[in-house]
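Student: I have a model open and would like to go through its packing with you. Could we begin with the rings?

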Amino acid sequence: MSYWKGKVLPKIKKVFEKNGPKKAAAAEACEAFDVAKEQYSKEFDEKKTELQPKVVEIYEAAAAEIKTLVKEPKVAGLKKHSAGVQKFLDELVKIEFPGSKAVSEASSKFGPSYVSGPIIFVLEKVSTFVVTEDKKEEEAATAAAVETTGTVAEEVKEKDIVVEAGDEKKEEAEPATETTKVEEVPAAVATEPPKAA
């Protein structure tokens, strides 16, 4: 039993506590960021117009995976694309995006998966610029589609009117033929004398 407690158990603890100090330091960094969130939000609102073109430029230069993460931030995506996330955060630091410096430093020290909360906060702020740009592009595409569809719809309506007019002519012609047949049959029946049984 002493061998177990003296030699084996300490080695097992080392393996499981390997990331212990790192997790604790990352948790402290996340708490410090949470305290400063309001300040970052105020800064963001003040610099919004100044930051928008710069953020859109950085976003367009980013990889497709990062664009997806910006639109829908997920912890699993942060782990999977940690190098791309770090590069994106470094670009945000260059334009002095609020909160990006603290998040970038914590991410480089501990890894994006340990400071996912602050990273997601920054990505959500970035997405406010990007989503509005995407909506503008979608509205322009929709407007163009409506114009094209409107022309096609007018052509279809004209064809429907022609078809409907043609159908009415056919319907008028068909009953006249039937009445003619009906009139001919009774006339022939009326001229024949009744047969005796």
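Student: How many aromatic pairs does a search of the whole structure find?

Tutor: The search finds 4 aromatic pairs. Rings of Phe, Tyr and Trp (its six-membered ring) pair if their centres lie within 6.5 Å; planes under 30 degrees apart count as stacked, over 60 as edge-to-face and the rest as tilted. One of the pairs is Phe33 with Phe121, which is edge-to-face at 5.5 Å centre to centre and 75° between the planes.

Student: Before we go on, what are the ground rules for these values?

Tutor: This is a predicted model, in which local features need pLDDT of at least 70 and side-chain atom pairs count only at pLDDT 80 or more, while totals for chains, interfaces and linings use all residues. Residues are numbered from 1 along each chain as its sequence is written, and side-chain values use heavy atoms, with hydrogens and water left out.

Student: Where do Phe33 and Phe121 lie?

Tutor: Phe33 is in helix H2 and Phe121 in helix H8, so the pair ties together parts that are 88 residues apart in sequence. Helices are DSSP runs (H or I, at least four residues), numbered from the N terminus. Both Phe33 and Phe121 are buried. Buried means under 20% relative accessible area, exposed over 50%, and partly exposed in between (1.4 Å probe, protein chains only).

Student: And how are the rings of Phe44 and Phe129 arranged?

Tutor: The ring centres of Phe44 and Phe129 are 5.4 Å apart with the planes at 50°, so this pair is tilted. Phe44 lies in helix H2 and Phe129 in helix H8, so the pair ties together parts 85 residues apart in sequence. Both Phe44 and Phe129 are buried.

Student: Which residues do ring pairs link into a cluster?

Tutor: Phe33, Tyr40 and Phe121 are linked into a cluster by ring pairs.

Student: Next, the core. How many residues has the largest nonpolar core?

Tutor: The largest nonpolar core has 33 residues. Such a core is a set of buried Ala, Val, Leu, Ile, Met, Phe, Trp, Tyr and Cys residues joined through side-chain atoms within 4.5 Å. Those with the most contacts inside this core are Val70, Phe88, Leu92, Phe97, Ile119, Val122 and Val126.

Student: Which helix gives the most to this core?

Tutor: Helix H8 gives the most, with 8 residues.

Student: Let us take Val126, then. Buried or exposed?

Tutor: Val126 counts as buried, at 0% relative accessibility. Val126 lies in helix H8 and touches Val55, Val70, Phe88, Leu92 and Phe97, not counting residues up to four places away in sequence. Contact here means heavy atoms within 4.5 Å. The C-alpha atoms of Val126 and Leu51 are separated by 9.5 Å, although these residues are 75 apart along the chain.

Student: What is Leu92 in contact with?

Tutor: Leaving aside neighbours within four places in sequence, Leu92 contacts Ile58, Phe97, Ser100, Val122 and Val126.

Student: And Ile66: which residues does it contact?

Tutor: With neighbours within four places set aside, Ile66 contacts His81, Gly84, Val85 and Phe88. Ile66 is placed in helix H4 and is buried, with a relative accessible area of 6%.

Student: Back to H3 for a moment. What are its buried residues?

Tutor: The buried residues of H3 are Leu51, Val55, Val56, Ile58 and Tyr59.

Student: Changing topic, how many salt bridges does the count come to?

Tutor: The count comes to 4 salt bridges, each being a side-chain nitrogen of Lys or Arg within 4 Å of a carboxyl oxygen of Asp or Glu. Among them, Glu91 bridges to Lys94, with the closest N and O atoms 3.2 Å apart. Both residues lie in helix H6, 3 residues apart, about one turn of the helix.

Student: How accessible are Glu91 and Lys94?

Tutor: Glu91 counts as partly exposed at 28% relative accessibility, whereas Lys94 is exposed, with a relative accessible area of 61%.

Student: What about Asp34 and Lys37?

Tutor: The side chains of Asp34 and Lys37 meet in a salt bridge at 3.7 Å, N to O. Asp34 is partly exposed at 43%, and Lys37 is partly exposed at 29%.

How values were computed
Helix = DSSP H or I, 4+ residues; strand = E, 2+ residues; numbered from the N terminus.
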